[in-house]
Each structure stands twice: as C-alpha cells, then as structure tokens.
2 protein chains.
Amino acid sequence: MSPKITTELLKQLRQGMKSPKYVQEPVHAYIVPSGDAHQSEYIAPCDCRRAFISGFDGSAGTAIVTDQHAAMWTDGRYFLQAAHQMDNNWTLMKMGLKDTPTQEDWLVSVLPEGSKVGVDPFIIPADQWKRMSKALRSAGHDLVPVKENLIDTIWTDCPQRPCRPLITLDLSYTGVSWKDKIAALRSKMAERKVLWFVVTALDEVAWLFNLRGSDVEYNPVFFAYAVIGMNTIRLFIDGDRIMDPAVREHLQLDSTLEPEFKIQVMPYGSILSELQAVGAGLSPKEKVWLSDKASYALTEAIPKDYRYLTPYTPICIAKAVKNASETEGMRRAHVKDAVALCELFNWLEKEVPKGTVTEIIAADKAEEFRSQQKDFVELSFATISSTGPNGAIIHYKPVPETNRTLSVNEIYLLDSGAQYKDGTTDVTRTMHFGTPSAYEKECFTYVLKGHIAVSAAIFPNGTKGHLLDSFARSALWDCGLDYLHGTGHGVGSFLNVHEGPCGISYKTFADEPLEAGMIVSDEPGYYEDGSFGIRIENVVLVIPAETKYNFKNRGSLTFEPLTLVPIQTKMIDVNLLTQKERNWVDDYHQKCREVIGAELERQGRHEALQWLIRETEPLLRAQ
Amino acid sequence: MSPKITTELLKQLRQGMKSPKYVQEPVHAYIVPSGDAHQSEYIAPCDCRRAFISGFDGSAGTAIVTDQHAAMWTDGRYFLQAAHQMDNNWTLMKMGLKDTPTQEDWLVSVLPEGSKVGVDPFIIPADQWKRMSKALRSAGHDLVPVKENLIDTIWTDCPQRPCRPLITLDLSYTGVSWKDKIAALRSKMAERKVLWFVVTALDEVAWLFNLRGSDVEYNPVFFAYAVIGMNTIRLFIDGDRIMDPAVREHLQLDSTLEPEFKIQVMPYGSILSELQAVGAGLSPKEKVWLSDKASYALTEAIPKDYRYLTPYTPICIAKAVKNASETEGMRRAHVKDAVALCELFNWLEKEVPKGTVTEIIAADKAEEFRSQQKDFVELSFATISSTGPNGAIIHYKPVPETNRTLSVNEIYLLDSGAQYKDGTTDVTRTMHFGTPSAYEKECFTYVLKGHIAVSAAIFPNGTKGHLLDSFARSALWDCGLDYLHGTGHGVGSFLNVHEGPCGISYKTFADEPLEAGMIVSDEPGYYEDGSFGIRIENVVLVIPAETKYNFKNRGSLTFEPLTLVPIQTKMIDVNLLTQKERNWVDDYHQKCREVIGAELERQGRHEALQWLIRETEPLLRAQ
C-alpha cells in the first residue's frame, strides 16, 4: 500500500481556504470530518472527502488542514493503516494515547492569534460544533461555517450521490408497521411536549418506514430525511424510486388514509429550507426534537430556544430493542451465516496447505458461500481477511498491494458478515492451519477468556454496557496485554452493523442501559504489530438471566450468542482455562453442532457437516 | 430515630421565598444544596442548612422546596437514613434508581409556567448552576441567585463559623515545601497560559500551604481561599490564628523573601470583592483558572471570556499522587490504626458475649484505642458502628435512639478511621461474634471475592478507576446481588478521607487515570434491608506491577493494601473461593501478622498480639 501523494491537493485546498469565492474572510484551518450530512459511519463514495484529501480511507478519522500543517486524528484500529496510506504531508494523531492533543488543543497550539477555522456546517454534528466552537472561542479563535464544501471544489471527478431502488419490508420481518412506529414516536413526542421530530440518521429513516436501500455500501440505507409532526409526515427523498408501485403501496401513498399518516414526499435537497420554514412558524414553547448529533446546519435552522436536543433519539432507542420478529430473523440469519462459514473453513483447511489461497481469494470465497444463502443481500462490511502481520491491522481490508497468501505457518483472522433480509451478521474467527506456537495459543486463550467473561456475564437490569468492558480485558491485563479498541457495538436488524445506543466499550459513557432484546457484539482481541492479530467475535442477544437472588426483583440479564461458529480448539491452551470456561466452550460447541449441524444436513452440505462435527469435539477429547 | 418535624420551618421558608426583603420577585422553588461555599462534602455545623430544614443529616443530599412540595435527592447510601430522619412533608428521591426524576425534570414537572427557582450563589457550584439553569430555561423557567441565604434567615440559633488554630506540617510529613508547590502550580499555570489561579476547595488550600486546621469535624481543614498570581500570593483567612508565631514562621510572613513568595493575608470575607477587582483589571487574553465546581458567585466574579475552568485543578491532581514522605506517613498511620483495631476486636470478642457492648460503646472504644497512638489527631469520619439491621443503613451513625447491643447472634459492621499527623485511615471490617448463618457467609464471601478482584487487579497505566468497578461486583452479580454505592474513593494524606480526582465507581466517568502513588479505598459491600450489612474495606496504594509482557512498555499497575487488619475467616465460605483467592487471603493475613505483629510486640500489647495470631491463621487451618 503506497501512500497517496497529496501535495498538490493540499495546495489547492489552501488556496480555497483563502478564496473570496468561498469564504468572506480567509480561514486559517479547515476541518474535514469523517461523516456525511447524516453523520453516518459508513459513507457513499461522494462523501469520502477525508479519504480524498488524505488517502486514509478507514471508517473513522478527522483531517484538519492549516496553512502549515495537515493532521489526521484516528483511533487505535487505524494507526497502522493511516500511517501506510498517508504521505509525509500528514501528521498522524493517535487518539486514545496520553500525549495526543485533542483537535481543539492542537488548533490552539498551531494557529496564530485570532484565527478562523472553517468547516462544512452540513458535515459537522451540532454537538461537535458546540464543543469545538467553545474551545476555539475561549482561545480567541472563531469556528465558521463554510457553505460550499472546499473539498468538493477541488474534487473534479467526485462521483454522483447514489439513488438506488428501495426494498420494502413486511411485518414478518419488522414485527411492527411503520404507522405503529410513527404512532409510538408521536407518543414519545407528546411525553416530552415536542411538536416536531427531525429524523436525520439514515438508519433511523429506514427503520421508521420499514424500508431499506443500497445507497451506501454494506449499509442497507438510502439518502433521506424525515420530519414528523403530530399530524404530518414529510419524507425528503430524491429520485423516481418513490414511484415504484411496491413502495407506493407500502407507504400507502395512493390510499385514502387517516390524515395524520399521509406522507408528503419532498425533494432531499429541500430539507434545510423546509426546516427553516418550520422554525420560523413556531410559537413560544413549541419545540423541535433533534439528535444532538444532527448537522450544525439543520440544528441552526431551528432557533435556539425551540430546540429539544438529546444524545439518543427515541427511534434510536426503540430500534435497538429487537422485537420477536426481528430476533427470530436475526437467529435465522446467523444460522445461514454459520453454514456459509463452515463451508468456508472446511474449504480453507483443504486449500491453504496448497499455497494458492490469498486473503482476497478467501474473502471472495466467504462472500460466495454467503451469497448461496436465502435472502442474502450483500456483505455488512468490507471483509477483513488477514494473515500474519496483516492481522495486526485492526480494520484491515486486503488489496492487491498487501494481499498475502494464507499458509500453515501464520495465524489467519477473518472478520466478516452479511446483510440478509432477515438480519445482519458480524463474526470474527482466528485460526491456524498448521501448528500454532505456544505464545500464539497463550494470547488466543486470554482473548477467549475475555470473550467468555463478557458472554457469560450476569448483571442487573439497568447496567450500562461500558461497565462490562473490563471483563473482556482482565485475563489479558493479568499478563500485561491489552487491545486498543472497544469490546462490542450494537448491531442492527438488517441495518447498520454498527448502531447505538448501546455497546461495550471503555470509551463510551453515554450509552443507554442494556435491555433484553438488544443485540451487541462481543469481540475482544490481541494484536502484535508486525506478527499477528487475534480476535474472537460473536453477536450476542441480551436475555433475562436466572440468578439465585435476582437482584431483589430488579431482574438479571445475560447474553445468548446468536453467532454459532466453532472457535478453533487447536488455538486454545486448555490449561489456562478454568473448569467453568471449559464448560462454556463445550456447551457452545454442542449448540453449534446441534443447530448448525441440522441446517447443514438440511442443505445437504455433508462435507461441511463433517468439518463441524470435528471442530465441535469437547475440549479435553479434542486436545 | 424520630423524624424532624419541619412543618413550621417550611412555612417560614416559603414566606421567605416570597418576601421582598430577600427576593426582588417571589421564587417558586428554593434549592438547598449539601455543600458550603467551598463545595465541601463534610461541612461545619453553621453550613448544615439542608439538615436544618429537613432533618436529614447524611453527607450527600439536595433539598428543593416549592410552594407545594419538599423533596430530597440522595443516593443509595442514605435511602434508609433519609426516610427515617424526614417527616412526611418530604418526598425522598432515590438517586440511581431508574424511575427517579432528576432535580431539573422534577422541577419542570411541578412548577407552573414561567417560574423562578432560587439558590444561594455561594453554595451552588458553577457547573451545577449551568446545567440546571439551562434545563430550567429550556422549559421556560429561570434559575436566579438569592444573595441572602433563606435558610440562614430562619435559622435563629445557627452556630458561629469556626475559626480554630492552625497546624503547620514540616517537610518530614509533606515531602515538598509550600514554596515548591506554588512554583509547580505556577509552571502549570504558565503551560495553560493563565495568570491567576483561585483555590476554592478547603483541602486544596490546606495542602498547598502545608497547613492543617480543625474548622470542619473529621477534615483537618480551615476556612480560607487563596488567589495565586504569577508573582503574588493572597491568602483569605480570618481570625488571629495567623498571628501564631509557628504559623508566621512556617509561612515566612515576617522574613525577607523573594517577592513572588510573599504572602498577603486578607480577610476571608473579602474574596468576592478582591476577585471582582482581579476580574475588572484583566486585559484581553488574560485568564483566571478556577475549578468548574467553584461557587457560581466566585465564578461570576470573573467575566466569562476570562475564565479558564477545569473539572480538576492542578492542585487536586498533584495532591492525589502521594510522594515518598506522604506514602511512608500513610503506611505508619495504617500500622498504628491496625494496632488500635486489633485491640478493639480482641476486646469485643471478650465483651460482646456479656451483652453489655452497644454500638456507641464499641465506637467509643475504637476511638479510645486509636487516641492512644502517636500523632493521633481526631477521627476521619463519624464511626459507623452497626449491628444487625443497622448495618444495612450504609452510612449509619449510632445515636441513642437507634443504639443496638452487639450480640453473638448478629453481624457487626465497623467502618471507621482516624486522622494522624502522618496520614488518614479508613477501614471497614464485618464480623460475627457467634456463628454466622450459611447465607451470611455466602454473602460475605461474594463481597470478599469482589474486594480481592479489585485489590489484585492488574491493569495498564492510564486506566481510569471506574473501569475496575465491575470487578468488585462480578461475584455478587452472578448470584443476583449488588450494592448501591461506588467501590472506592481517593483518600487524602492527613486530609479529607474522600478526595478526587480518582476513585472506583460506576457513577464517575470524569475520574483521572490511576497513577502509581495514588491512594484509594476498595470497599464493596452487600446490604440486606432489615437484616444485616456487609462491607470489607481496605485503603490501597497504586503501585507498579510486574507482568509477563508489561503492556509493550506502557507499564502495569496494581494495588498494595495499606490497611493491615485481619478479615474474619469465620465469615468466609472457603468453598466459594478459588485457589488464587485463598492464596490472597493467606498472604494478606501473613503480612498483617508480620507487620502489625511486630508493632503490637513493640507496644507491649501481648493480648492483642495473641488475637492477631489467631485471626491470621491460614484459611484451611482456620476452618
């Protein structure tokens, strides 16, 4: 992977920062955040402005360019990748390390007095704007909105914004109709005494209307906003996709409906002016509810005293608690996904020793097996297929320049998942096709102990996920090992593979308490730069637990793994496991054998079934 | 304990809330916070306004009185105590429970539109003011400062503000001179480009000048403020205590000194006007550093653009990391404290069966034994001496009305500590003088497992204490048990027994990372309302750990118990402990025997030594 040469682009950007065509007064620094106008984590090619200007295309990162400097903030998952992809015009700011300055502190340290810092107001979330604006102002600088995106002005071959057909989801998938979802939302609005709710996150629009799209790779969403009033529904969406008869019927666009469920369809680009009109028409005490992560531009459309901002919207919270239809769908999706992986691993075991399987071939094969399953739509993220040292690049994606051949001498890490119409999967397995070293087994076993500690944890109702993060690290910590990423994230139901408001991470404190029905990942890891990466990831469902004393009727919760793919016992140093941990592994493998075995049998995949049976032998027999 | 009858007081307060003598416009609600003008946790009698108006005298709680309602917010430590002490004019708001409204939400729900909410601006911290003011404003209400404290206006027999003599501490105790501390502070100020630093917390003033006082019971502090400039030092303190020759010499008030270390002594009451003068004299870009928990009144004295507010001051952070002299002092204090407790427990074992020892007698006896030790100053908090159901009142203090007699049939919980000139102690032991039930032993053992899990935890440098909180709960959670308080707090060095910026609690996220030299408590518990309370508390020092892989040179930390008092093995169900946990208990007891045994021997306390030897038998032999 050779870095992108950015000298000329930075020169052009710096000219734009001073050009009266775009800015009233020159800006001394320009911020290029990661997201799009919806604060999406995964974005369409036309929104990859930070990758365009810097070369670094990981999923998280913020670039700031001044007259003299160009700096990139990203987190531990991407330190290696960013260092590889950026040329030496760029300084890498490793977030989470003690000596790394915040963006604000850095700006204050490098800017001359009284500087202006520019940013596209549609791209920066309102809460970030507020924090940064305050910090800059207190140091004598100004954060200013630059209407025209300065990257777009120099991005001559910027791709078009996608506008692909919609998928309608019926009740068997969603469990709740879009009308019932809107009614529930309105009752939350009434509770908080707000008159309007602005839906800005793409997955929230999709969930609310029981629609899916494919405007953003891996995320089944479509570019749209919605504004929900107590008696009106406005959907801002472009293209003729709304003319599709199935969509029209699903949304009942041509039916006689109760007026409060009549949807007005408006152009995507009219959201700002429409919202400004809403803002201008408010009487005192009438409030508009927005996420505090909505863009600064949309937030500003509502006068300050009329805004009701919350970190998590009621849609985000309702979406996180899966209903019975969604949970059953997620179970089905995970069974199919496990079938595909059993096929893959069986195939890899035969092919790897021949020396012909590269990371890309393995990733393609995984996709091929998944695509054979019913209701497969697409992958849920770029497959991380990595062997040896590439495994230490936490969000690695194999490209021809880095593509290694799998061998019997290296650890192989596969983090992959898919979108099925009934659910979203995300699973990581780490394996060795030869004989792992004692050190590799030791590290793997600590990671496994962490995985089990979270998966088997019992905790009272109302516990926030971040309180479980240390359980995943304890065994690693005891030996002086750690990993620089969170332990788990919320997972959507045929939606984004990363979603709020819950998760398991030392980094988030504002997460909502875990509730039965929420679905998160459990994925501790260990990474040895230049050598190997280990991660063991299951998607797990929060379920009620049985405990001896049940927290005085407060209720107990635990996790049930939805992912049912064998964990390679060859990598386990059984002596490092407690009896409880051994039982957990054996019980898990028995469930894999029963549930996935039945499906492999049903699909007539006999060779993969034999592989599954071999891989799910009880631990002491397997060793 | 009968509740305080508050009907008449509330009537008078409500009159004050409408009286033009005190308020320009009537206030519809009046907030009575817990603290004093220094946001102290423990306060002088003259500052116990919340206890005066409500009867509830726990260390944490906020009262809000409206025309119709009187409500008290407090946390899980005080639910039972508050319910006992308040009459039915008051509604108890149990913080930390899901359905309890925040103060802001409650105010919004009960107040008529456009209400005014009053508070003493000297008593409310600026960060609380800001949060509450914003929430109220967004609901159409106003938070307004009421200069005259409305409680003081009806508190006819309010005691005088104390003004007791000062204690000077020399280098053998403090390790660093006050001049070096001020020089270090000034270099932090220069780093952040601030010209002035306002010291508002009493323990920070005491620490900075290496002085102690006794204005507040249990906390060796004195009423004072300080304002530190780059070349000036102003100490705001009342009374003739500054005329004491020892104090004058310590502060070098009569010496020829470098001008930047010359201390100007000013009246305590002049802080506001002096700070306003500082504020008025600032040029653009000149900043004044305050804690964001400084009072609203003092914060407002500095114009907004000139304030530099941080959650933790550099003094708070420097104070938390104990130097070698302080650590050695803390060790000595804990050895003396353990000697006193061995004497006490030996005495209790003989006396309790006679049926003559009450909670108060036991507490007094503990104080008597402590006061025999060298450099004893006072207790570090009100002794929690509680037996049977009283043990479930987490911050119980025995009073004649509640005073129970210790017996061989109930669990006894003693949480106590002292101030010695060389250090502060805080230790909880739970014991049974007869035969504990299987259930009591089971609960005790889970608490012990949690205590050990924290004490023996190994974690990387830079870890925040709150990430360790769940370790203390895991064994309890597995059986559906929990406790409604944090696991640990910072402990001062001959200073406040509770101090920031570190701790171990699920409730705090803004804690600073743990560093070698910090001292915290480790005190999980379990409480069965109406039956018993269990808590096992040691004070522990953060020390570097040896690990196999040492976090790639990031460094490892763990804890070393400073408290060396036997944990009653009779209460332990050894079958519930792992081998590692048994070893921990045995190693801990061996250290108690060696270190405290030697000191008991030296002090000629032979009977207590015999008791110590019995109580520190290895587990399997002891059972």
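**Exercise 1. Classify Tyr439(A) and Tyr549(B) by their accessibility.**

Tyr439(A) has a relative accessibility of 24% and therefore counts as partly exposed, where buried means under 20% relative accessible area, exposed over 50% and partly exposed in between (1.4 Å probe, protein chains only). Tyr549(B) also has a relative accessible area of 24%, and it is partly exposed.

This is a predicted model, in which local features need pLDDT of at least 70 and side-chain atom pairs count only at pLDDT 80 or more, while totals for chains, interfaces and linings use all residues. Residues are numbered from 1 along each chain as its sequence is written, chains are lettered from A and ligands numbered from 1 in the order in which they are written, and side-chain values use heavy atoms, with hydrogens and water left out.

**Exercise 2. State how many aromatic pairs the structure holds, and describe the pair of Trp178(A) and Phe261(A).**

Step 1. Over all chains there are 39 aromatic pairs; rings of Phe, Tyr and Trp (its six-membered ring) pair if their centres lie within 6.5 Å, and planes under 30 degrees apart count as stacked, over 60 as edge-to-face and the rest as tilted.

Step 2. The rings of Trp178(A) and Phe261(A) are 6.5 Å apart centre to centre, with 75° between the planes, and the pair is edge-to-face.

Step 3. This pair links distant parts of the chain, 83 residues apart, since Trp178(A) belongs to helix α8 (residues 178–191) of chain A and Phe261(A) to the loop between α10 (245–250) and β12 (263–266) of chain A. Helices (H or I, at least four residues) and strands (E, at least two) are DSSP runs, numbered from the N terminus.

Step 4. Trp178(A) is buried, at a relative accessible area of 3%, and Phe261(A) is buried at 10%.

**Exercise 3. Describe the ring pair of Tyr439(A) and Tyr549(B), and say which parts of the chains it joins.**

Step 1. With ring centres 5.3 Å apart and planes at 65°, Tyr439(A) and Tyr549(B) form a pair that is edge-to-face.

Step 2. The pair crosses between chains: Tyr439(A) is in helix α16 (residues 438–455) of chain A, and Tyr549(B) is in the loop between β27 (538–544) and β28 (556–561) of chain B.

Step 3. Tyr439(A) and Tyr549(B) belong to a cluster linked by ring pairs, together with Tyr526(A) and Phe532(A).

**Exercise 4. Find the rings over which Lys179(A) and Lys181(A) lie.**

Step 1. The charged end of Lys179(A) sits over the ring of Phe261(A), 5.8 Å from its centre; a charge sits over a ring if NZ of Lys or CZ of Arg is within 6 Å of the ring centre and within 35 degrees of the ring normal.

Step 2. Lys181(A) lies over the face of Trp207(A), at 3.9 Å from the ring centre.

**Exercise 5. Work out how chain A and chain B are related, and describe their contact.**

Step 1. A rotation of 180°, with 0.0 Å of shift along its axis, superposes chain A on chain B with an RMSD of 0.1 Å, and the two copies are thus related as by a two-fold rotation axis. Copies are superposed by least squares on the C-alpha atoms of residues with pLDDT of at least 70 in both.

Step 2. The contact, which means heavy atoms within 4.5 Å, takes 41 residues from chain A and 39 residues from chain B.

Step 3. The copies meet through the same surface, because 95% of the interface residues of chain A are also interface residues in chain B.

Step 4. Between them the two chains bury about 3,400 Å², 55% of it on carbon and sulfur atoms, where buried area is the accessible area (1.4 Å probe) that two parts lose on being put together, summed over both.

Step 5. In chain A, the residues that lose the most area to chain B are Leu467(A), Trp477(A) and Tyr549(A), together 19% of what that side buries.

**Exercise 6. Describe the surroundings of Val205(A).**

Step 1. Val205(A) lies in helix α9 (residues 202–209) of chain A, and at 0% relative accessibility Val205(A) counts as buried.

Step 2. Apart from its neighbours within four places in sequence, Val205(A) is in contact with Val199(A), Phe222(A), Ala224(A), Tyr225(A), Ala226(A) and Leu235(A).

Step 3. From Val205(A) to Ala226(A) the separation is 21 residues in sequence and 6.6 Å in space, C-alpha to C-alpha.
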